[in-house]
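Please keep the sequence and the structure at hand while reading.

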Amino acid sequence: MPPAPRILIVGEDPLISNLISTMLQKKGYGILGMLTTGQEALVKSVELVPDLVIMDVNLAGQMDGIDTAHYIFQLFHVPVLFVSGISEEAKLARINYSQPYGIVFKPFNSVEITTCADLALYSHADRVSMLGDLPVGNSRKMMDNPDEAIMILDKRGRIVFFNIFAAWFVDMPLEKAFLRHWRDVMMFVSDTTGEEVSDPVTEATRQMAGSIYDASISLVTITSKRRKVILAIRPIRDNHDRFIASVISLKENKKTYM
């Protein structure tokens with residue numbers, strides 16, 4: 001028999017999350033966990049690679065369910081099924097943006113939630129081959145990469161995710177960096193002149209092309225730690241060719257310059 005689908009539940013109301021968990025487990029689904037914020041959902045989607053995320057449109061914290069679902073699906077190709085109140089018209093108008101695999105309206109029963117979960121899993125299995133390669137590669141390998149710091153920025157240049165090595169590299173945990181502009185976390189300076197490098201992220205996104213800085217450049221953190229780096233930046237487009245995020249890659253530069 002194939003393994004039971006592994007589902008992550010995200011919602012600010014623990015009663016509803018527990019209800020969904022109970023209904024799904026009775027039908028043989030595996031529950032990976034129950035979370036309350038978009039930040040947690042992004043990180044756990046990378047770490048656990050669930051088969052499906054069931055997410056409330058309303059989430060506690062800085063990022064709502066719609067934006068969170070958009071990043072989870074576009075960056076990591078994990079399908080999302082929404083749970084929503086029927087009266088949330090303003091948010092419902094934005095739902096297409098995140099391309100969910102369905103919406104379950106509250107109140108719901110066991111048949112509704114399990115049927116919608118089945119349909120979402122079936123639809124994603126049929127569609128996933130058309131989505132192409134993951135924009136940041138294998139998510140687990142990316143998360144555990146011991147040699148490359150990887151950061152994902154939203155369209156405004158704010159940090160929405162980085163891997164374990166990046167937390168060490170910038171001397172700051174993700175929970176403190178989340179949704180802060182990257183320039184509030186670090187800066188890049190020329191080793192030759194000592195001056196700050198003009199905004200490399202904006203330049204890459206303006207041209208919609210990748211950029212590499214591999215000579216005489218250092219990263220300086222807000223705690224004044226300084227490291228010579230090889231810096232690469234590239235924009236990411238969604239499956240409708242819209243710009244959604246930038247990826248910063250940082251590696252220690254061990255070359256010496258005369």
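## A pair of phenylalanines

Are F76 and F161 buried or exposed? Both F76 and F161 are buried, in what should be kept in mind throughout as a predicted model. The structure holds six aromatic pairs, and F76 and F161 form one that is edge-to-face, with 6.2 Å from centre to centre and 70 degrees between the planes. Because F76 belongs to helix 3 (residues 65-76) and F161 to strand 7 (residues 159-162), the pair ties together parts of the chain that are 85 residues apart in sequence.

## Helix 3 and its two ends

The helix that carries F76 is mostly covered, since 11 of its 12 residues are buried. Among these buried residues are G65, I66, T68, A69 and H70, and the list also includes Y71, I72, F73 and F76. The length of helix 3 can be checked as well: at 1.5 Å a residue, its 12 residues should span 16 Å, and the end C-alpha atoms are 16 Å apart, which agrees.

At the N-terminal end, helix 3 is capped by D64, which has a side-chain oxygen 3.2 Å from the backbone nitrogen of I66.

## An aromatic cluster with an arginine

A pair of aromatic rings is described by the distance of the centres and the angle of the planes. For F165 and F169, which form an edge-to-face aromatic pair, these values are 5.4 Å centre to centre and 65 degrees between the planes. Both residues lie in helix 8 (residues 164-169), where they are four residues apart, about one turn of the helix. F165 has a relative accessible area of 13% and F169 has 0%; buried means under 20%, so both residues count as buried.

F165, W168 and F169 form one aromatic cluster, and R227 is placed over two of these rings. The charged end of R227 sits over the ring of W168, 4.1 Å from its centre, while R227 also lies over the face of F169, at 5.5 Å from the ring centre.

## The parallel sheet

Strands of a sheet pair through backbone hydrogen bonds, either parallel or antiparallel. Here, five strands form an open sheet in the order 2-1-3-4-5, and the pairing is parallel. Strand 2 (30-35) and strand 5 (103-106) stand at the edges with a single partner strand each, so one side of each is left without a neighbour in the sheet. On average, and with direction ignored, neighbouring strands of this sheet are turned by 20 degrees against each other.

Within this sheet, strand 1 (residues 6-10) pairs in the parallel sense with strand 3 (residues 52-56) over four bridges. V10 stands opposite M55 in strand 3.

## An antiparallel pair of strands

Strand 8 (residues 186-190) and strand 10 (residues 217-221) run antiparallel and are joined by five bridges. In this pairing, S190 stands opposite I217 in strand 10. Strand 8 is mostly covered, with four of its five residues buried.

## Loops and other local features

The peptide bond from K106 to P107 is cis, with omega near -5 degrees, and P107 is found in the loop between strand 5 and helix 6 (110-127).

L179 and D241 each have a positive phi of about 65 degrees although neither is a glycine. L179 is found in the loop between helix 9 (174-177) and strand 8, and D241 in the loop between strand 11 (226-237) and strand 12 (243-252).

D144 is found in helix 7 (residues 139-144). At 54% relative accessibility, D144 counts as exposed, because the term applies to values over 50%. D144 and E47 are 97 residues apart in sequence, and in space they are 9.1 Å apart, C-alpha to C-alpha.

Technical notes: Residues numbered from 1 in each chain as written. Predicted model: local features only at pLDDT ≥ 70, side-chain atom pairs only at ≥ 80, totals over all residues. Heavy atoms only, no water. Phe/Tyr/Trp six-rings, centres within 6.5 Å; stacked < 30°, edge-to-face > 60°. Buried < 20%, exposed > 50% of the residue type's maximum accessible area, 1.4 Å probe, protein only. Lys NZ or Arg CZ within 6 Å of the ring centre and 35° of its normal. Expected span 1.5 Å × (residues − 1). Polar contact = N/O pair within 3.5 Å; in protein donor to acceptor, adjacent residues only side chain to side chain. Pairing = 2+ DSSP bridges. Axes fitted to C-alpha atoms, helices over the stretch in contact; angles between N-to-C directions.
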